[in-house]
Amino acid sequence: MSNVRKGYIRPVDFKHGRVDMTHGSGGRAMAQLIEELFLAAFDNDWLRAANDQACFAVQSGRMVMATDSHVVSPLFFPGGDIGCLSVHGTVNDVAMSGAKPLYLSASFILEEGFPLADLKRIVESMAHAAREAGVPIVTGDTKVVEQGKGDGVFITTTGVGVVPDGVNISGDRARPGDTILVSGTLGDHGVAIMAQRESLGFETTIQSDTAALHDLVARMVEAVPDIHALRDPTRGGLATTLNEIARQSGVGMMLREEAIPVRQEVEAACEFLGLDPLYVANEGKLICICAPEQANRLLETMRAHPLGANAAIIGAVHEDPHHFVQMETAFGGKRIVDWLTGEQLPRIC
Amino acid sequence: MKYIDEFRDGKTARVIAAAIAAETRADRRYHIMEFCGGHTHAISRYGLSDLLPDNIRLIHGPGCPVCVLPIGRIDNAIDLALNRGVILATYGDCLRVPASGGLSLLKAKARGADVRMVYSSADALKLAQDNPEREVVFFAIGFETTTPPTAVALLQAEKLGLKNFTVFCNHVLTPSAIANILESPEVRLHGTVPLDAFIGPAHVSTVIGSQPYEHFAEEYEKPVVIAGFEPLDVMQAILMLVRQLNEGRAEVENEFSRAVTREGNVKAQQLVAEVFELRKSFEWRGLNEVPYSALRIKAKYAAFDAERRFGIEYKSVADNKACECGAILRGLKRPQDCKLFGTVCTPENPMGSCMVSSEGACAAHYTYGRYKDATAPSPRPSPREGGERERKADPLSPLAGRGLG
């Protein structure tokens, strides 16, 4: 980042200005945007050092790293926006290993013509989310593509974290007999996005559940260090995430429909839109698989946390060479809860 | 969700299941066809066959609008979108239906065709208003339920003086399809498809009423019970059909009386009659050419008819030889009897149309029921319940439907 003398620079017009090709050209306009927007919002020692990379001391133990690109449409939705979502998404991916997330990077692809006012709103929302999570954004990049070649803004974030000793959480550790828990109501994010899409004219009060889950995870790991698997059911929802774990671990699962928490508004909206809440995305929920004797302890820990107030035990793991995820319906029948086929919702995260 | 949950209540389901079990006669079998894909979906999704005695067989009928759409018609739509520069608007289910040359509307979209998914005909109309410089074609499919909204959109377009909106009409008629099944040699002569009774359509009947089915009950002596799409509706309808069959009656009964009358929705019928007329014949996937089974746009509204504006020529295309969709749609075979099922043909890569829509018999069985085909040892569902074998032996056990806790 260059040290431009403020006196000779006309400040960026965040009110009426728009992104243009010079903002990605590596010249003065780009330096100015970085300084007045990204540095001002994310403000920390690493960014102020103005290097092309962030340098930090490495802790002993195991590190984890995760990356996530965000292309959600619309960019602003009830309960959040692409900015906070891009922080929460990666913080959660790191946290699902039981790790404490330490640092984030952020990479922006901006479309020529995108209003700077919207960009500012997004960046400030990111900064707020990062500060709230206590995970600084220490390095980043900005590129601009010509009009029509992007969709406003795409954000890729990468995170690193450190796993506490004695914690070994992985999608291949679900064992027959294990209990399956979920941290709260399902489908809120996907339905909030769907309701916002202009073509539907569908009004609801449903808010996205986007949230950073690492604090909840820290409490859970503290209570029960030997959690077998954790995962946030984002795209594809609960159904797809459980199928991933069943395949990784080589097991089957049996869920109990009546136990799965779904908000009544979400259920009604899904009914109306022809969606199944089990396949709708979440951005602030996690699935936890643990030994049956630990389940109640974990449930209590989750319920004591604001992000796990509606936690529930929803099923169990069993042996099954076919790795089917099945469900006892509220009706008394049985069925498969299969992988998501096709796409339920366009661009939800 | 009030008014819906009541029709999904597990306790009531077990009461009805007990009544069905008590009233079915051990010395006979009951072959019941649910015509509609909506019923097929409910049966699979809620696992209803687990609640029924073994001698009741549910046969999935052809009432899935996407499944019966012939390949040639989708080829026509793809041609419009890919080669004629139109915005093609259609319902989401249509997008993945496999057509000729390995294409589907979704794949055509990836090759640059402007294909838009809409939730209603009104959305398609709005596309035409918002894009006055483009031709917008609404690829209209479906049974009597989706036909009135198409008529409304067309009449609206006329009122608004829209010059860039046309409808590619593929609307089909339920009673003609039922008659075709009943007249088919398999049912009428050979008896290879035993068919004792029908669960009548839910949404279709809200439009056409219950009266059109009276002919089937009288002429073919097949009882019909019109039922809603909720699982309890289906259970109740099965009980009513079992009673009719036991008593030797063949009547039209209406389980879905909260929405269906004998006359149906007269206003909707008038709208349809204003805009559409019968086609002499129309090809159905699985049923071949069925006389007077579909609608076309009247000459009076030719300006809004995509077939006329674009000179669409229909060419029949045969299904993949190994695909059993035809036999499955006629109730001759079950999805798992098809060699392609679950191997070459999956929901991700459907070969046949029954695998495309969630209402299709193959997709429903693949998505919800294929664990039954697995030869694996039965899983232990939960600490408080026995395995599947135990369940099957006593579907009405007080533990059925309960498990983890």
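Predicted model: local features only at pLDDT ≥ 70, side-chain atom pairs only at ≥ 80, totals over all residues.
**Entry 1, a helix pair in chain A.** I looked up helix α6 (residues 214-223) of chain A and helix α9 (residues 295-303) of chain A, which pack at an angle of about 150° with their axes 9 Å apart. α6(A) and α9(A) are therefore roughly antiparallel to each other, and I recorded the crossing of α6(A) past α9(A) as right-handed. On the α6(A) side I found Leu216(A), Arg219(A), Met220(A) and Ala223(A), which meet Arg297(A), Leu298(A), Thr301(A) and Met302(A) of α9(A). Sorted by class, this contact holds five nonpolar, one polar and two charged residues.

**Entry 2, chain A against chain B.** I then turned to the contact between the chains, to which chain A gives 32 residues and chain B gives 34 residues. On the chain A side, I listed β9 (252-256), α8 (264-273), β11 (312-318), β12 (325-328) and β13 (334-336) as the elements that give two or more residues. That side of chain A divides into 11 nonpolar, 12 polar and nine charged residues.

I noted that chain B is divided into domain 1 (5-64 + 192-254), domain 2 (71-174 + 264-309) and domain 3 (325-372). The centres of domain 1 and domain 3 of chain B, taken over C-alpha atoms, are 21 Å apart, and their contact takes 15 residues from domain 1 and 13 residues from domain 3. On the domain 1 side, α2 (37-45) and β2 (56-63) of chain B each supply at least two residues, with the largest share, six residues, coming from α2(B). I classed this domain 1 side as six nonpolar, eight polar and one charged.

Definitions and conventions:
Residues numbered from 1 in each chain as written. Chains lettered and ligands numbered in written order. Axes fitted to C-alpha atoms, helices over the stretch in contact; angles between N-to-C directions. Helix = DSSP H or I, 4+ residues; strand = E, 2+ residues; numbered from the N terminus. Parallel < 35°, antiparallel > 145°, perpendicular 65-115°, else oblique. Left-handed = near helix turned anticlockwise from the far one by under 90°. Contact = placed C-beta atoms within 7 Å. Nonpolar A, V, L, I, M, F, W, Y, C, P; charged D, E, K, R; others polar. Domains from an automatic or database assignment.
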